[in-house]
Amino acid sequence: MTTTEETHAVTSQRSTTEHVTVHPAWLPGAASAAVGRRRVVVAGDGALVSTVAAEVAAAVASHGGSWTRLEAGAGVADADLVLTIAEADDGPAATPDAVVQAECDESFRFMRDAGSVVVEAASDAGLLHGWFHVLRLGEAAFDGPDADEKHAPAAALRVLDHWDNVDEHHTMGQVERGYSGGSLFYAHGRVREDLTRVDEYARLLASVGINSVAINNVNVHAREARLLTDDLMDVARIAAVFRPWGIRVHLSVSFAAPVTLGGLATSDPLDPQVAHWWVRAAARVWGAIPDFGGFVVKADSEGQPGPFAYGRTHADGANMLARAVAPYGGLIHWRAFVYNHRQDWRDRSTDRARAAYDHFAPLDGQFDDNVVVQVKYGPLDFQVREPVSPVLAALPRTRVALELQVTQEYTGQQKHAVYLGPQWSEILRFSLGDGVVSNLATAGGFAAVSNAGDDPFWAGHPFAQANLYAYGRLTWDPSLDPIAVLDEWIAQTFPGSPVEVGEALHAILDRSWETYEMYTTPLGVGFMVRPGHHYGPDVDGYEYTPWGTYHFADRDGIGVDRTRATGTGYTGQYPAPWCDVYESLETCPDELLLFFHHVPYSHVLHSGKTVIQHIYDTHFEGVERVEAMVTAWEGIAGLVEADVAERVSERLAEQLRSAEEWRDQVTTYFFRKSGVPDAGGRRIY
Ligand code: GCU
């Protein structure tokens, strides 16, 4: 038996980095109290077992318990909690040499017998997940009836994408669509020297099961491209910080890198010199970072280079890269977000919603095994309400990943309190073709754009932390109830708070996605945001631009006809029953009506209201709901820490101002278009 003194410092209290006091999010010191006052044993080998041991050491040091570290296979002493690697027939399943193995078994068993708990995992990564499971349960881990539960993630890949630019003076800001300050990874045009916050961030992500992170923007500019070459050792430093938390690092790369970085005349995927350039690039990357995850590619999309320039398909492009990284077990995350962003608004036959399916469905079966085709949840672009993308069901012989957006680009930009768990849950559980979406994505897993930055609250709005938390939890287990997930987040973030705090937070957040939808774009029509930055209302903002998003409102009606009978035919991309459900006005759900149909303002919804009255009512009610959020918050602001109270109050004030602006612009716009007065006689300008 050996007892090890662990020195690794675990962030359990507020840390101070570069003069910023950082909020501990859902892992404050109090979170480890239940474990920290008990007798704990950690047993087994593997790099991540040392991480677990360091966590346990810090917890017992803070809360007065005791702990022991045993070698693998040693007899387990009397303890309240034993965290151990399972003995496999062929020896312990720990991962060797600190290398996180590709898609290792991350499962763990949780056993409780008369108040004593044993967590047994197949791998050290599994043990880390098991540790955080116990931490999340707190006292309840030890309190309940005897149990023997198996926990395993729904998919092996659970990724966060950072849209971070190295250059902080980039026109799109340092974090494209970032609302939480600067990048956690880069400062002053290079990778940060001090990666303390990356370590804290990695711990937060590990605690909710995230196991991969792409560290740069999918729009790869010249400065970011060099991460693949000149700055590779800095990427290796970042990977070294993520590694003890079981998280692999990925890079976004430009399809034109052989030209822009390599000086070749072409990046044609079928040119042997191009393929060779990528083979050498991959050898350099995996030479420096043996557990590197792979590349993310945005090709032929919004101005990014791609295989179309050479008359090649996206399978040609993805497979060429896949073969370069295959010897290392590397992956290519190839995004399906491909559409014509230079269309003419006068051309009504082109429908952006159709584009991803039209490009990718014919390629099913042509992608190599280590290509993951990453599909946004809807056919447009992370709107508050879209139908689930039919592409998810159109590629049965391809590894498909579902892409979500944790950063609130179109959902209030972390100024508005919008808990997205219910939206994601609805998408994950949606039944499409051969299965529910979470099952369709099992082979490719889940990806999402991160909402974290160097803001002291990580996500700008303290409540936006709940979205980061929920993304991890729901992609580990898509069957979880998003409101129960929110409850977990509240319990951990505000431990020991009076019961009113939890009640008020539920009152504010449970239906906040629906509330946001009410005061912004109605009935699935989408956009209506200010072009460029995408914050605030501009009903006609995109109506006459080349980006291809329209509502077609005139004096008689509104909506986009995407039917097979008279419209763009988009409904035909869905398997049964949705191709018919969406096609018919009788069966199309109200919340998606204007996505699929152009109807008169007098059209009566299933709810019994006309479209125009629905627009008026939801916009007024949406603002009233935000007023109620403010009131609920005022009731408890004095019960939470002062900096949290101040930040939330400031954000809620802006949410209310913005919601009123949305209400007034949208109701006025449609009153002026339609001439139909509000039956409620409320103020319209
Ligand atoms: C949206 C977003 C862009 C982003 C793009 C993408 O269009 O506004 O900033 O680059 O999505 O997903 O690639």
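Me: How many cavities of 30 Å³ or more does a search of the whole structure find?

Reply: Start with the general idea. Rolling a probe the size of a water molecule over the atoms shows where empty space is left. Now this case, which is a predicted model. Searching the whole structure gives eight cavities of 30 Å³ or more.

Me: How much space lies in the largest cavity?

Reply: The largest cavity holds about 130 Å³ of space.

Me: Which residues lie nearest the centre of the largest cavity?

Reply: Its lining counts 17 residues. Nearest the centre are Ala336, Phe337, Ala356, Gly378 and Pro379.

Me: Which element gives the most to that lining?

Reply: Helix H11 does, with three residues. Helix H11 (355-360) and strand S16 (371-376) each supply at least two residues of the lining.

Me: Next, sheets. What is the order of the strands in the open sheet of six strands?

Reply: The general idea comes before the case. Strands of a sheet pair through backbone hydrogen bonds, either parallel or antiparallel. Here the order is S4-S3-S5-S7-S6-S8, and the pairing is mixed. Strand S4 (66-70) and strand S8 (147-151) are the edge strands, each pairing on one side only. From one strand to the next, the twist averages 10 degrees.

Me: In which sense do strand S5 and strand S7 pair?

Reply: They pair in the parallel sense, over five bridges. Strand S5 covers residues 81-85, and strand S7 covers residues 116-121. Leu81 stands opposite Val117 in S7.

Me: Which strands does helix H2 touch?

Reply: Helix H2 (residues 47-63) packs on the sheet and touches strand S3 (39-43), S4 and S5. The direction of H2 makes about 160 degrees with that of S4.

Me: And which strands does helix H3 touch?

Reply: Helix H3 (residues 124-137) also packs on the sheet. H3 touches S3, S5, strand S6 (108-113), S7 and S8. Its direction makes about 45 degrees with that of S6.

Me: Last, a single residue. Where is His23 found?

Reply: His23 sits in the loop between strand S2 (20-22) and helix H1 (33-36).

Me: Does His23 count as buried or exposed, and why?

Reply: Compare the relative accessibility with the cut-off. Buried means under 20%. His23 has 5% relative accessibility, so His23 counts as buried.

Me: Which side chain does a polar contact join to that of His23?

Reply: That of Gln465, at 3.1 Å. Pro462 is 439 residues from His23 along the chain, yet their C-alpha atoms are separated by 8.9 Å.

Key
Residues are numbered from 1 along each chain as its sequence is written. This is a predicted model: local features need pLDDT of at least 70, side-chain atom pairs count only at pLDDT 80 or more; totals for chains, interfaces and linings use all residues. Side-chain values use heavy atoms; hydrogens and water are left out. Two strands pair if DSSP finds at least two bridges between them. Helices (H or I, at least four residues) and strands (E, at least two) are DSSP runs, numbered from the N terminus. Axes are lines fitted to C-alpha atoms, for helices over the stretch in contact, and angles run from 0 to 180 degrees between N-to-C directions. Contact means heavy atoms within 4.5 Å. Buried means under 20% relative accessible area, exposed over 50%, partly exposed in between (1.4 Å probe, protein chains only). A polar contact is a pair of N or O atoms within 3.5 Å; within protein, one must be able to donate a hydrogen and the other to accept it, and residues adjacent in sequence count only if both atoms are side-chain atoms. On a 1 Å grid over the protein atoms alone, a cavity is a set of points where a 1.4 Å probe fits but cannot get out, and a pocket is an open set with protein on both sides within 12 Å along at least five of seven lines; lining residues have an atom within 4 Å of a point. Grid points are joined across faces, edges and corners, and a volume is the space filled by probe spheres set on the points.
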